Amino acid sequence: MLRRTLKIFASTFVLAMTALTLQASAFVLPAHQQVTISVGEGEADVVATAVSILESDLMRVLNAPMETSEHNAQILIATQNKANQRLLSRTGIDLSWLNNQTQAFVMATTAEGQLLIAGSDALGTAYGVIELTRLLGVSPWEWWADVVPAVKNELRLANGFSSYQSPDIRYRGICLSDMDWGLKVWANSTYEPGTPYYIGPKTTTRILELMLRLRLNLFWPPATEPLNAFFITDEFRSLADSYGVVVGHDSAHPLPAPLLQPLMSEDDGFGYIRHFPTEEEFQRNEGNGLFYHLSYSGSPHDYLWLATASPFLMFQQLSEAYYHGTLRLWMVDVGDIKPCEYQISLFSDMAWDIKAVEGTHVARHIEEFIAQNVARDIARLSSIYLKEHYQLSFQCKPEHLACTRVGEPADGFNNWDAVRDLPWSEKRIRHRLKRYDQMQRMVKWIADSVRRTHPSRYNAFFQLVEYPMLVTAAQNNKYLLAQLARHGKAYTGNDNVQSTWRQSDEAHNRVQSLTMHYNSLGGGKWQGIISSNPRSLTVFQPVPHKQSSMPMITDHPTIAVFYGASYNAASFSGEGVLDPVLGLGASIRAMPVPKMLNVTYKFAHNFAKAQEVEVEIHMLPTHAIEAQQRFTLSFDGSAPQTFTYDTEVGSEQWKQNVLRNYAVVIARLPITKSNGEHQLTLTALDDGVVVDEVFVRKNVSTPKEN
């Protein structure tokens, strides 16, 4: 059902349009010189807003004041309509590409050395103006993450420069939620104290400007807003209109006129989309929509503190949604906005141009985000450790390290508020601690480099890289060291149990001090924006110093271990058909296996007299794209056995799956030959099957957690 030809890029046409301007002069804006622009007739308020943003950015980057004049304009800004027909025709630029498009723009240099920004509609024109601010080097996060624009001597666009852009998703938006520990506190106490509103007009204006810079055009205020919310005033709707933003409601309520109501699906709160359009739903005139979470409050446990939603899972799931026909509306729950800056950028970039993100790959996208918002010379190394941060957090989010749950009453067997062991062996715990130790050392080294060479960008680096990584490392140290101490084990040979407990307590204190530093940045600009204790849950408290009477889990021996994409030991059906999302899953080599295709893992072993082999497969806990999620396993050519791992959202099995980010399938397969090379073949019977890790063992009666 994959519709990978849904959007046909008119690359030949764009190349032809580019060729028309190859003889044009270069476009140059020198620093310290006035910039003259011409704006079309009767332009909408959103165009005026974008021009105002451009004016501010020109001053900060080039120290170049801007004036509006119809004569000798260097920049021509106009929407393709009847009133501007004569102005646009004089440029000599073929704008037929804009016909029948929405929110599209063309930016191109003319033969006279001017720069034309033309939109198919007012919003397209505004996005074209915002694109020029991006070319100036101004980040969409310039205010929200303190990304100080770099001063330049000039802006130069090459001869024949042109850019043709339009959105893949028509409505692209954000929803605020669960703000009582961040955005609301900060807005009411720091940014606009004394406002009579829950979230006031000053904060709202900053949100709307961010949305325009990110090319987002749909805003859903929180569903739980009180009656004194600025979001429900006429003034707010007028303000939103001036930023090109449509105001809607939460996912449970209809959109306002004149929008058509698309069929909305959503993820399960943990990034796994629950429903994809059927063939019938795909044909609906109203289209299809998606609601996706970057922040979540509820069972089995919140993640409101840090932005650890895997970019690689986001990419895989949003791509599935796109190619299965969810094209009209994408909405993302961003919590308090901070600290979800990167994930919001990835979401908005995919909603605008999914092919561009596919072409760069997520790992490169992360690197470019750091290069643009901090500095290019530290981007590669920073991105390496950010990917490590996302992988480790995918295995267990920092909010889930206490193995507690929320929204579930205590019963005779479980006290869900009590800290308990992670189901990990001592070996796995020590290996994870070692990885975090290395991460902390490198991040501190990079931070020192940024302070020396890019001091104006250090606050941005702390917010976007240093804080999330160091505070997550501290939270892991807090719980993993406590688990060792609980079982009478010291961290290193130089430690004892008591000093290991002390280091756990120190890690808890480090979380508090790092958070206090974040809130003090910029002279207290962000005071209250980050809480180290949202909802006052157990996981955010110091770990009680209690001894355990239970033994730690031990790893069961394996014969062979494979990642989904273990290229050195696997073969795949169809040349170039299977393509892993590098960085996806606990293994970072998870492999989506399309329907009726297969992957075969090979290994050598002598089973002696054994009759069966045990195979434990960790699948991403995705939801069925069609009716089910099934696959078959065959060992050394034996008759395939069929397995399924469907779960109901809210079930105990689903809760276990989303907390550890994998579903477990245990198979016992007959051994048809005892010695030599063996082959394990997995064939997907349905779309949406994603293999993360495969463990082959001798058959045992009670498999243990890996």
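Begin with the lining of the second largest cavity in this predicted model: by class, seven of its residues are nonpolar, five are polar and one is charged. The cavity itself holds about 90 Å³ of space. Of the 13 residues that line this second largest cavity, select Phe270, Ala309, Ser310, Leu313 and Lys397, which are the closest to its centre. Next, display strand E13 (288–293) and helix H9 (311–323), each of which supplies at least two residues of that lining.

Proceed to the largest cavity, which contains about 140 Å³ of space. Its lining consists of 15 residues; select Pro339, Tyr342, Tyr390, Leu464 and Pro468, which lie nearest the centre. The lining of the largest cavity comprises eleven nonpolar, three polar and one charged residues. Across the whole structure, a search finds eight cavities of 30 Å³ or more.

Now turn to a sheet. Six strands form this open sheet, in the order E3-E2-E4-E6-E5-E8, with mixed pairing. Which strands stand at the edges? They are strand E3 (66–68) and strand E8 (162–165); each has a single partner strand, so one side of each lacks a neighbour in the sheet. From one strand to the next, the twist averages 15 degrees.

Strands of a sheet pair through backbone hydrogen bonds, in either a parallel or an antiparallel manner. To examine one pair, select strand E2 (residues 35–39) together with E3: these two pair in the parallel sense over three bridges. Finally, select isoleucine 37 and its bridge partner in E3, threonine 68.

Conventions:
Residues are numbered from 1 along each chain as its sequence is written. This is a predicted model: local features need pLDDT of at least 70, side-chain atom pairs count only at pLDDT 80 or more; totals for chains, interfaces and linings use all residues. Side-chain values use heavy atoms; hydrogens and water are left out. On a 1 Å grid over the protein atoms alone, a cavity is a set of points where a 1.4 Å probe fits but cannot get out, and a pocket is an open set with protein on both sides within 12 Å along at least five of seven lines; lining residues have an atom within 4 Å of a point. Grid points are joined across faces, edges and corners, and a volume is the space filled by probe spheres set on the points. Ala, Val, Leu, Ile, Met, Phe, Trp, Tyr, Cys and Pro count as nonpolar, Asp, Glu, Lys and Arg as charged, and the others, Gly among them, as polar. Helices (H or I, at least four residues) and strands (E, at least two) are DSSP runs, numbered from the N terminus. Two strands pair if DSSP finds at least two bridges between them. Axes are lines fitted to C-alpha atoms, for helices over the stretch in contact, and angles run from 0 to 180 degrees between N-to-C directions.
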